[in-house]
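Good morning, and thank you for making time for this presentation. I would ask you to keep the sequence and the model in view while I speak.

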Amino acid sequence: MAADDPAVGRGQLQMLVRFALAQLLSRNEHHRFEHLCTALARQRITPNIVAGTGPVSSGGDQGRDFETFIGYVPGRVRDLGTRLGIERDDTIVFCCTLGRTDLAGKIRRDIARAVSLGSAVDAVVYFAEPDIPTATRHQLIQEAEDLHHVRLEILDGQTLTGLLCDRDTFWIAVEFLDIPAYLAPPSAGPQWYAESHARWLSRAAQATTVGDLIELTGCLRFATFTEAVRSDVPTWLSRMSPLLDSQDQIIRRRARYEIAVATWRGLGDLRPADDLVRLTLTDAVGSESAEELDSAELLATYARGAWMYAATDLTAVELEEFGHGLERQIASLALAATDRDRACQLYALLGRARLRVDLHRLVTDEFARGQVPPPPPMSSTEWDELLARQITEPRFILPVHDPGGALDAWSEAVRLADQAPRFPVESFAMTVAWHAASVEEDPRWPTVRTQLDSMVAAAAGNLAVAELARTRSSSLLTRRKPFAALAELHEARSAMLSGRDHRAGAQAMLDAAAIYQELGLLYAAKYYALAAGAVAAMEREEPEPLVVDSLLLAARCDFLAGNWLSFIAILPLAADAHTDLRIAADEPILWDDTVEIARSLATVAAVVDEAGDPDLTQWIYERLPVDQGDEAHLDFSQLATAIPDGGLIDRVASELGQAPFADGGRHRLMTFTTREVQWRIRTRNTYDDVRAAERLAAVIQIIVAALGEDDLVLATVTMDVDVRTERPAPATQQGLGRHLKDRGRAEDGALLWRATLTRDLGPHSVEFKAAIAEVTSVAGALCVTASLLPQASIEDILSRIGAEGALARAVMPHIRYDRAYAVLPRDSFAAAKRRSTTPLATTGFGDVLTSTYLSPRITRGPVFTDESPEERTARRYPLLTRSLEVTLPRLLEDGRIREVAAELRDDGWKDWHVLMALFSQVLNYRLAKRGQDGNDPALMERIARWEPEDPADLQIDVSAVTAQSLRDHLTVSYFATANGYGLDPGGLRAHEVLGVLETRYDYWTLDADHEDPFAPMH
């Protein structure tokens, strides 16, 4: 629910109204309930109502006691009265109660008293705040008929809630329940607005009543958030302005709020309403009304936004004081609340208040106000779409006051929620979801999140939980957390598809595909795009327009990956879908994705022209979606932008980091970069083999994203994977060892692997979960090959990202890759043309398109021992000199070691590097002389103890210690240094280990205070 959305969901509004009704009893507001019932009866049953004035016991006004009864004089009957069977000449008695103790007995007694006094009664309409079971209601109605010969109609809490949420009666909820006016239900449409506009233009009398306030609020908000009528905003502001002088404090306060919001969001400048903001916030700081505080907190949020856009003269100091004042008041009321529903409401509000933007920090950081124009007025739905388009672009993150305190408050609301039956949990959970990014790093967040999801699932079902996950994803994207956002989208998609909402599930998959594309994970993006189209088309009689989005996004991914033959192959499918399923399909310039595809196509055409390959040009032309006289057919030619001549091939290869037509050749080569790893995945260029290889590439990229911020301490390596396919094998023959083989090293040092994957032979040729498990196990093993983490740490990470099915959800988007890919028929794959086409440049690794979120890590790596690198460096000096206490004096006596040390120091070595290399050379000399195995556990244990050097031990020739010998032996020591941090280099090479030590552990810069170990001896 968003305050700036003119169409708040009716379900959420009903929860808020029902909660407010329940609060009347806890506040002992019986008179307010009676006034509410009177107003509702006049509005919906009959206007001809006379309230009783005397107590029942004294017979005042024939028993129509205002505290208990509301009398009726025959007259006009309105819509609800008609539905209740009330006729024009009927006499009705209205009764109302907040009581919950022996409610049925009280209704019986009130009916008996009503019919025993004064004139005859035809019907009794009974307003009761508690919900009354259907069986009880029917029994009471029958008893009234049998015993008193009157018709009884009971309007209980649930029925009253529904009535009060109708547009024409909502003013009653505003006046008597303090429901914020901005939550007014939307108008029926333009006709309602036009009628109101005409009436108020011709009306001479100024606005004075709550009814006027409600109608004007609806009109003002509709104009504010509807571009076509936004010019009406000044008119509505002038019509509402007289309410600022109302004698009714509530009307006055609500008019201030609506005028201030519309001035800012409708006119783009809060300055004319600055004083109204001050008055509203000043009053709210001392208010005990949760509803007033809620509205004030929203208004303060608007004001802080206006301050950042330099659209208000309110100062940062003023707004900070108001923010602190509101927080203190809300916190005080929450602590004092004895009613659990009210306490939950206040704690929910307190969390929001604590997440307000910290203007003091912005001022301190010299934040530049007004650098960009304010966003245009938009509904919350449009805001969601805006966020989705701004996927992972780095942006300024606004500081907030107290994320930990916000989670404290929300945790308390969650704790009390089970005992607060009227508290609108779904609305609260959505508010928390919108702020997920601010609290996501708190270790308590997963627990709070899980509890809220469970409560919402119980109240509204799994689809509501899915919407929460999608909202959390949007929030996380705005705070530059794409990996966490992906996890939320995977959960949302899974829940939506479980609820058989295929379109919503497909949209979540497209959202995920867009994030993968922005991250540069183009094979994962293509997988999700194609899967979204396949899912969207499931179980639908009518074609689904989302199929167009999916095909165009998949085509775009192929273009960016340099797979231009695939791009051309899928383009006719996308064009046909566009023509068949989209409105105004013959005007592609209206669609952002078709414009983007057209520009990509123009680039392909220009590159092919520069390459001078007429056969390829003809092949492409035959497949292009060009206008052939059919008016409705998509013509991309009108969108082709001018492409400069000369040097285009090299330029494109540089900008993509891939060769144009990289998918050509007898063997297909797929390349990409993730973190420190460059990937080469190669296979035969056939329909089945390419699908299998792209399947593996996609799952590798999905796992990389699932690992997200987890640090595997990866070495910089190239992984070269040869993918083969085989027919489906029996389950008894499955296993990772059968599917992945280590083939050593390539000439360029790349790690060579052979992956054997099951060939897809049709929709039911393999079992879904088995196929996913096969490719996931292969991809997972490859992803951790270059890790220096100890095995236990790797297993912990994999276990955590796979907890509760999270990894499985990510790699299983409801359909196998090969099946999603099958939207492109085998004949359209054009295997012969692919094999005869040569890539037009040297294939790169696409690193220029890889997001900075997946850049190699340069932060300090983790340590799995009790010592930090600094502590270990400081301890090396005494340990190494003790382990060389015989050799080092001999070398110093000779003197040449000082020259060697000076040379190495000039090369950037620290003294501990020299000592470490010397220790390694001496140790290896002795091992070689003795014929000992350096990997002997007993020997390794002795070395780890850093025992003093034995004078009787073999002594190395001082002439053997040279700068080059120390360089050679320092290389050997890299592994020992890594082991000292608890890392496991495994089968990595020395230079790969050194790369990790250099970039992650400050290998060449770390040092500690020490005496010069190479100083002349005295």
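Let me begin with a definition: a residue is called buried when its relative accessible area is under 20%, exposed when that area is over 50%, and partly exposed in between, using a 1.4 Å probe and protein chains only. What you see is a predicted model, in which local features need pLDDT of at least 70, side-chain atom pairs count only at pLDDT 80 or more, and totals for chains, interfaces and linings use all residues. Residues are numbered from 1 along each chain as its sequence is written, and side-chain values use heavy atoms, with hydrogens and water left out.

I turn to the salt bridges. The term stands for a side-chain nitrogen of Lys or Arg within 4 Å of a carboxyl oxygen of Asp or Glu. Across the whole structure, the search returns 71 salt bridges.

One of them joins the side chains of Glu-774 and Arg-695, at 3.8 Å from N to O. Glu-774 belongs to helix 33 (residues 768–783) and Arg-695 to helix 31 (residues 687–707), so the pair links distant parts of the chain, 79 residues apart. For helices, I count DSSP runs of H or I of at least four residues, and for strands, runs of E of at least two, numbered from the N terminus. Are these two partners buried or exposed? Arg-695 is buried, at a relative accessible area of 7%, and Glu-774 is buried as well, at 6%.

A second salt bridge brings together the side chains of Arg-816 and Asp-760, with 2.4 Å from N to O. Arg-816 sits in the loop between helix 35 (806–811) and helix 36 (817–821), and Asp-760 in the loop between strand 10 (751–758) and helix 33, so the pair ties together parts that are 56 residues apart in sequence. Asp-760 is buried, at 2% relative accessibility, and Arg-816 is buried at 7%.

Helix 31 is largely enclosed by the rest of the structure, because 20 of its 21 residues are buried. Just after helix 31, Gly-708 takes a positive phi of about 50°.

On a 1 Å grid over the protein atoms alone, a cavity is a set of points where a 1.4 Å probe fits but cannot get out, a pocket is an open set with protein on both sides within 12 Å along at least five of seven lines, and lining residues have an atom within 4 Å of a point. Grid points are joined across faces, edges and corners, and a volume is the space filled by probe spheres set on the points.

How many cavities of 30 Å³ or more does the structure hold? There are 9. The largest cavity holds about 160 Å³ of space. It is lined by 17 residues, and Arg-675, Val-704, Leu-707, Leu-712 and Leu-714 are the closest to its centre. Strand 7 (677–684), helix 31 and helix 33 each give two or more residues to that lining.

The second largest cavity has about 100 Å³ of space. Of its 14 lining residues, the closest to its centre are Arg-695, Ala-771, Ile-772, Arg-816 and Asp-818. Helix 33 gives the most to this lining, with 4 residues.

Finally, the second largest pocket contains about 1400 Å³ of space. Among its 46 lining residues, Glu-440, Arg-449, Ala-484, Ala-487 and Arg-800 are the closest to its centre. Helix 23 (482–498) gives the most to the lining of this pocket, with 11 residues. Helix 31 is among the elements that supply at least two residues there.

Thank you for your attention.
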